[in-house]
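Colleague: Could you take me through this model and tell me what stands behind each label? I would like to see the value next to the cut-off every time.

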Amino acid sequence: AARLQDGENLRLAGNKCFTNCEYAQAAVHYTLALDAVLEDHPRAVVLANRAACFLKLGDPEKALADASAAVDLDPHYAKAHFRLGLALHALERYKDALPALGKARDIEPKNKQILDAIKFA
């Protein structure tokens, strides 16, 4: 239970850094959180968050790897599909990006961020 709490605290620290536009530091917190979190859904959340950091840092390959791993861990997590779509789009893999964004929309049909990304793609 202590490791799980450590993982959650590290995830929250990463979220705070991300909110403050400290993307590299947020990615470090998320990486440390992954070492502490064992359950699939929390791992998927942390991987999707780290993918967002890598997108902000201009590293879509790493974002793609994390988003893909997040989708594998929790196929019903909309943000994982959303970040996968954004990473594919950043890599100019447009034909692959749209289905990933569509899957995110299917899971969260009212999410404005997802709907905007689909229009953009």
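Colleague: Let's start with the largest nonpolar core: which residues touch the most other members?

Modeller: Ala70, Tyr77, Leu84 and Leu88 do, in a core of 26 residues. Such a core is a set of buried Ala, Val, Leu, Ile, Met, Phe, Trp, Tyr and Cys residues joined through side-chain atoms within 4.5 Å. Before we go on, this is a predicted model, in which local features need pLDDT of at least 70 and side-chain atom pairs count only at pLDDT 80 or more, while totals for chains, interfaces and linings use all residues. Residues are numbered from 1 along each chain as its sequence is written, and side-chain values use heavy atoms, with hydrogens and water left out.

Colleague: Which helices each supply at least two residues of this core?

Modeller: H2, H3 (40-56), H4, H5 (78-90) and H6 (94-107) do. H3 gives the most, with eight residues. The helices are DSSP runs of H or I with at least four residues, strands are E runs of at least two, and the numbering starts at the N terminus.

Colleague: What does Leu84 touch?

Modeller: Leaving out residues up to four places away in sequence, Leu84 touches Leu64, Ala67, Ser68, Val71 and Ala100. Contact here means heavy atoms within 4.5 Å. There is also a second, separate core of six residues, with Ala78, Phe82, Ala104 and Ile114 among them.

Colleague: Now H4: what makes its length agree with a helix of 14 residues?

Modeller: The expected span is 1.5 Å times one less than the number of residues. For the 14 residues of H4 that gives 20 Å, and the end C-alpha atoms are 20 Å apart, so the two agree.

Colleague: Which residues of H4 are buried, and what covers them?

Modeller: Pro60, Ala63, Leu64, Asp66, Ala67, Ala70 and Val71 are buried, and the cover includes H3 and H5.

Colleague: Asp66 is in that list; why is Asp66 called buried?

Modeller: Buried means under 20% relative accessible area, exposed over 50%, and partly exposed in between, with a 1.4 Å probe and protein chains only. Asp66 has 6%, so it counts as buried.

Colleague: With which side chain does Asp66 make a polar contact?

Modeller: With that of Arg50, at 2.5 Å. A polar contact is a pair of N or O atoms within 3.5 Å; within protein, one must be able to donate a hydrogen and the other to accept it, and residues adjacent in sequence count only if both atoms are side-chain atoms. Not counting residues up to four places away in sequence, Asp66 touches Leu47, Arg50, Ala51 and Phe54.

Colleague: Where is Ala26, and what does Ala26 touch?

Modeller: Ala26 is in H2 and touches Gly14, Cys17, Phe18 and Cys53, not counting residues up to four places away in sequence. Its relative accessible area is 0%, so Ala26 is buried.

Colleague: Why is the pair of Phe18 and Tyr23 called edge-to-face?

Modeller: Rings of Phe, Tyr and Trp (its six-membered ring) pair if their centres lie within 6.5 Å; planes under 30 degrees apart count as stacked, over 60 as edge-to-face and the rest as tilted. Here the centres are 5.0 Å apart and the planes stand at 65°, so the pair is edge-to-face. The structure holds one aromatic pair. Phe18 is partly exposed at 25%, whereas Tyr23 is buried at 16%.

Colleague: What is the phi of Cys21, and where does Cys21 sit?

Modeller: Its phi is positive, about 65°, although Cys21 is not a glycine. Cys21 sits in the loop between H1 (2-19) and H2, and with a relative accessible area of 52% it is exposed. Glu92, in the loop between H5 and H6, has a positive phi near 60° and is also not a glycine. At 59%, Glu92 is exposed.
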